[in-house]
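Here is a short report for a reader meeting this structure for the first time.

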Amino acid sequence: MVSKSSRGPGMAAGGSEAEEALLLPERVVGDLAGAPPGNASVLGAVFNVSTSVVGAGIMSIPAAMRVLGVAPALALIVCVALLANVAVDFMLRYTRGTPSYAALMGGSFGRAGAKLLNVFIAFNCVGTLTVYLIIIGDVMSGPVGSGEAHAGVLPEWFGPHWWTGRDAVLVAAAVILLPLVLQKHVDSLRYTSAVSILLAAVFMLITMGIAVYTVFTGTAKMPRMLPDFSTLASPFELFTAVPVIVVAFTFHFNVHPIRAELSKTSDMKSAVRISLVLCAAIYAAVGFFGFLLFGDATMPDVLANFDRSSGSGVPQALNDAARLSYALHLVLVFPLLHYSLRVNVDELLFPGRRPLATDTRRFVALTAVLMAVLYVLAIAIPSIWTLFQYSGSTFAVCISLIFPGAIVLRDVHGIAKRKDKAMAAMMITLAVITSSIAIASNVMSSIKGEVKGVNAGAS
């Protein structure tokens, strides 16, 4: 551990590079789940970070763009990506000893801080994984309550049967996911992560191709550059789109497991920056072209728009390819996020026990219980927008912005500069203000029984 009082003359003369070397040890053996010594490449880290970022959140980017308008939505995507990079930079600079986010919080705020983080990550992961299953159900069986208006792929192909229903589809999805969620180490998922990013790119290219086709055929809905206040119950409703973007860039709980498996852990910064640029570009493209395709009819889960009622004029096979490519992407992303959920729940329930990866009985039992809970939630909760709004306003914003900023303001190692503390204070202030307004707007709309601006377009 290096503090101000223990820095030698070489440290003072060496500048930021020497300080970086001390703050980021080149090799960390293992992680909290019992991973082997690091040998992963930067490319593998980029794939795993990108997979952690590009999840179900992308499906609500077009709906967020519908609320905000194109220009504010693009600006918000860029701003949140930049803040995510700053937050990860803070986390890496303060990492000492055991490489985990919980240990980082524990070093600054004691055991209570570590446990609070574990709880927030667990709830955030549960919410996001539930959204993954909801979207898979939407794609294959159709959204709950949509009837024939937005049928799923299976009912369109084979008609309504018990095995094309949502319950059966989610059971089948759980069976398919089982071999992937039983992987004990993050780096074991690097190949599925690479394929998942490829599938996200395929979805983006299909969406772009369909949008360009509709422009030339004159069926495109030209997107608004700015918000349409006439469709909003209140100007404050604009803030409800902010948590959706925050959720889309919440990957911080996977930073340390991925970093620990790098052969050179100082490469993590580069991997994160490359990933954020790639993911921001994908979000911007999907958001714009999705909004261009469906306009004010854009649904909270834009995949539901890619059905026979899309009105795009392209062959239905292309619409189905767009839906299926992203559903498969989520299947491949699911194990990486489930890994973080399992590790955090294990830390909460079994503190001080031997690494989870070395205890097969505990590992399998915990995996089975978590999968069952997620299945029940996916059946019980019909809308992804509701989950994104509340999860993004609470758990995600704390994990991605408030907790990293608080670690810098606490500054237990005395390494924060004045500009670092100013940035940390700004992150926390922006997060608290926007989240408070979003929560208040959501609660008031729920009490009044109003339909949100985003959902209104889907009706």
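## The chain as a whole

Among the contacts in the chain with a separation of 6 or more, 83% are between residues 24 or more positions apart. The model is predicted. Its secondary structure comes to 16 helices and zero strands. The chain has 459 residues, and buried residues make up 57% of them.

## Two helix contacts

Start with helix 5 and helix 12. Helix 12 covers residues 316-349, and its axis comes within 8 Å of the axis of helix 5. The two axes cross at roughly 150°. Angles over 145 degrees count as roughly antiparallel, so helix 5 is roughly antiparallel to helix 12. The crossing of helix 5 and helix 12 is left-handed. Its contact residues divide into 23 nonpolar, five polar and three charged.

Next come helix 2 and helix 8. Helix 2 spans residues 42-53. The axes of helix 2 and helix 8 also come within 8 Å, and they cross at roughly 60°. That makes helix 2 oblique to helix 8. The crossing of helix 2 and helix 8 is left-handed. From helix 2, the contact uses F47, N48, S50 and T51. From helix 8, it uses R190, S193, A194, S196 and I197. The residues of this contact divide into three nonpolar, five polar and one charged.

## F203, a residue of helix 8

Helix 8 covers residues 190-217, and F203 has its place there. Is F203 buried or exposed? Its relative accessibility is 0%, and under 20% means buried, so F203 counts as buried. Which residues does F203 touch, leaving aside those up to four places away in sequence? They are M59, V286, V302, L303, F306, A322, S325 and Y326. L324 is 121 residues from F203 along the chain, and the C-alpha atoms of the two are separated by 8.8 Å.

## Aromatic rings

The count of aromatic pairs comes to nine. One of them joins F123 and F395, with 5.2 Å centre to centre and 10° between the planes. This pair is stacked. What does the pair tie together? F123 lies in helix 5 (residues 101-141) and F395 in helix 14 (residues 384-410), so the pair ties together parts that are 272 residues apart in sequence. Another pair is W157 and F158. Their ring centres are 6.2 Å apart and their planes stand at 80°; planes over 60 degrees apart count as edge-to-face, so this pair is edge-to-face.

| Residue | Relative accessible area | Class |
|---|---|---|
| F123 | 49% | partly exposed |
| F395 | 23% | partly exposed |
| W157 | 46% | partly exposed |
| F158 | 45% | partly exposed |

F123 and F395 also belong to an aromatic cluster, together with F120 and F403.

## A loop residue

D411 sits in the loop between helix 14 and helix 15. Helix 15 covers 418-448. Phi of D411 is near 50°. That is a positive value in a residue other than glycine. Is D411 buried or exposed? At 13% relative accessibility, D411 counts as buried.

Notes:
Residues are numbered from 1 along each chain as its sequence is written. This is a predicted model: local features need pLDDT of at least 70, side-chain atom pairs count only at pLDDT 80 or more; totals for chains, interfaces and linings use all residues. Side-chain values use heavy atoms; hydrogens and water are left out. Rings of Phe, Tyr and Trp (its six-membered ring) pair if their centres lie within 6.5 Å; planes under 30 degrees apart count as stacked, over 60 as edge-to-face and the rest as tilted. Helices (H or I, at least four residues) and strands (E, at least two) are DSSP runs, numbered from the N terminus. Buried means under 20% relative accessible area, exposed over 50%, partly exposed in between (1.4 Å probe, protein chains only). Axes are lines fitted to C-alpha atoms, for helices over the stretch in contact, and angles run from 0 to 180 degrees between N-to-C directions. Angles under 35 degrees count as roughly parallel, over 145 as roughly antiparallel, 65 to 115 as roughly perpendicular and the rest as oblique. A crossing is left-handed if the near helix is turned anticlockwise from the far one by less than a right angle, and right-handed if clockwise. Ala, Val, Leu, Ile, Met, Phe, Trp, Tyr, Cys and Pro count as nonpolar, Asp, Glu, Lys and Arg as charged, and the others, Gly among them, as polar. Contact means heavy atoms within 4.5 Å.
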